[in-house]
Structure formats: structure tokens, C-alpha cells
Amino acid sequence: MSTISNHLQDILAAIQSAKVNAACQQEVKLLAVSKAQPAQVIREAYLAGQTLFGENYLQEALDKQATLTELAIEWHFIGPIQSNKTQPIAQHFSWVHSIDRLKIAQRLNDARPANLAPLQVCIQVNIGDESTKGGVAAHELESLAVAITALPRLKLRGLMAIPPPTEDKNQQRAQFKQVRECYDTLLAKGFALDTLSIGMSDDYPIAIEQGATIVRIGSALFGARKKLVEIKQDIKNED
Ligand SMILES: *Cc1c(COP(=O)(O)O)cnc(C)c1O
């Protein structure tokens, strides 16, 4: 077996044991985060059985999608969204996890092609109040959820979060619990949600314990990526 195939089996097994340990009932899907990985690596993971892939940077994703058209991949957009990029995102992805303002939701709705299913979306919530990470504050969630629910070409599925990184497991647990509480509050208000997109390579077992239904995993599956400065340079080149 290839390294990616081995990592994939290990991660799927770890997801299962996290569910068993916490007696979780929810289904947990693995989203393979393939930013900064070449198309060939995505193909390898696909051939090992992985079908959900997440990308952060539009131009990089479009290039890889064009190379991989024959694969039945479900593409998820998980990066920050500039309003001048909403049209290609609405055309080329099944899911968007990173909606953080109404204007972006409206533009995605308007651009979603009529021959495709509604775009499946999550609102990104910011529980750490870090100015650098996107997401809406908890108190703004409900009004944004109401507005998105009214958009016919979007289907609101749940919440996504990227809590501030920490190695302290209790801190990780407390942060995911805050996201979970936001999610439960929306459910209690009657929103029909089924998706909690939390957990990355270093913390996904704890995210599952706290109710994750999608874990977004990059480096544990594919190995280390290019450095952040290089990715930032790529984003600049896109503009
Ligand atoms: C890069 C990224 C991930 C994956 O991070 P890893 O630590 O490599 O697993 C998950 N979610 C988002 C939004 C990301 O940008």
C-alpha cells in the first residue's frame, strides 16, 4: 500500500475509535484537505477510496479540478472567500464551509447554476475572537442563519469553526464545546442542521467527542505542506 493509503486507513480507524470511546451516535465524514498538494496526490487518495476533498485557494483548486475531471470527487471550499470569487466557487464546488457574511451568501446564491443542486453551506463561527481568523461571532449566527435559509439556491447544513490552535487538550475540548453549543442553540431554534465541521489533524478525536460530523484533515493524511508564506504568495498571485 502507498503511504497515503496507509495514512487514510489509519485515520479512518482513528475516527472509528474516537466514536466508540465517546459513544458517539453521529456519522463522521472525512474531508481530505488537499491545499498545496498536487493533483497526482489527490488522485492517489481517491484511488485509495477517499471521495471528499477540501480546498482553500480558488485558482489552485480550479487547476486541479480541470486535471481530475474523470474522478467523482465531491469538492468542498473551505478557505476565506473574496466577493469577486463567488461565481467560480458557486459553479465548481458542492459545498462551502466558510460563509461569514450575508453578502457572500447572496452572491453564491445568485451565481449557483440552475442545473446543479443547491450549494451546501456552513456558516463559519469564530469562538476564539481572533481577529486573524474568519467567522461570525456567536451572537450574529442566528440572523445570518435566518437570511441564508431564505436563499433558494443555498442549503444551510451547519457550522464550521477553526478554533485557535493549542496543544492543551482541555482547551481544545472547551473550544469545540463552545462551537457545539452554538450548533445546539440553532437546532433548538428550529434550524434543520446536520453538519458540524470541526477538527483537523492535531485535534480531530476530541472534535468527534464533541460532536463533529465532518473532520477536515490535511497533514495527517498527506504529510507536511508548503510553508504558509508560499501559500500566501499563491493567494497574492491569484488576485
Ligand atoms: C489547512 C486546513 C485544514 C487542515 O489542516 P491540517 O492541520 O493539515 O489537518 C482544515 N481546515 C481548514 C479550514 C484548513 O485551512
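Biologist: Which element gives the largest share of the lining of the second largest pocket?

Modeller: First the general idea: rolling a probe the size of a water molecule over the atoms shows where empty space is left. In this predicted model, α3 supplies the largest share of that lining, with three residues.

Biologist: What is the volume of the second largest pocket, and which residues are closest to its centre?

Modeller: The volume is about 230 Å³. The lining has 14 residues, and Gln65, Ile73, Trp75, His92 and Phe93 are the closest to the centre. Two or more lining residues come from each of α3 (58-67) and α4 (86-92).

Biologist: How many residues of this lining are nonpolar, polar and charged?

Modeller: Eight are nonpolar, five are polar and one is charged.

Biologist: Which polar atoms lie 2.6 Å from an oxygen atom of the ligand?

Modeller: One is a polar side-chain atom of Asn56, and another is a side-chain N or O atom of Arg225. Ser219 takes part through its backbone, with an N or O atom 2.8 Å from a ligand oxygen.

Biologist: What percentage of the ligand's accessible area does the protein cover?

Modeller: On its own the ligand has 390 Å² of accessible area, and the protein covers 91% of it.

Technical notes. Residues are numbered from 1 along each chain as its sequence is written. This is a predicted model: local features need pLDDT of at least 70, side-chain atom pairs count only at pLDDT 80 or more; totals for chains, interfaces and linings use all residues. Side-chain values use heavy atoms; hydrogens and water are left out. On a 1 Å grid over the protein atoms alone, a cavity is a set of points where a 1.4 Å probe fits but cannot get out, and a pocket is an open set with protein on both sides within 12 Å along at least five of seven lines; lining residues have an atom within 4 Å of a point. Grid points are joined across faces, edges and corners, and a volume is the space filled by probe spheres set on the points. Helices (H or I, at least four residues) and strands (E, at least two) are DSSP runs, numbered from the N terminus. Ala, Val, Leu, Ile, Met, Phe, Trp, Tyr, Cys and Pro count as nonpolar, Asp, Glu, Lys and Arg as charged, and the others, Gly among them, as polar. A polar contact is a pair of N or O atoms within 3.5 Å; within protein, one must be able to donate a hydrogen and the other to accept it, and residues adjacent in sequence count only if both atoms are side-chain atoms. Accessible areas come from the Shrake-Rupley method with a 1.4 Å probe; for residues, only the protein chains shown count as cover.
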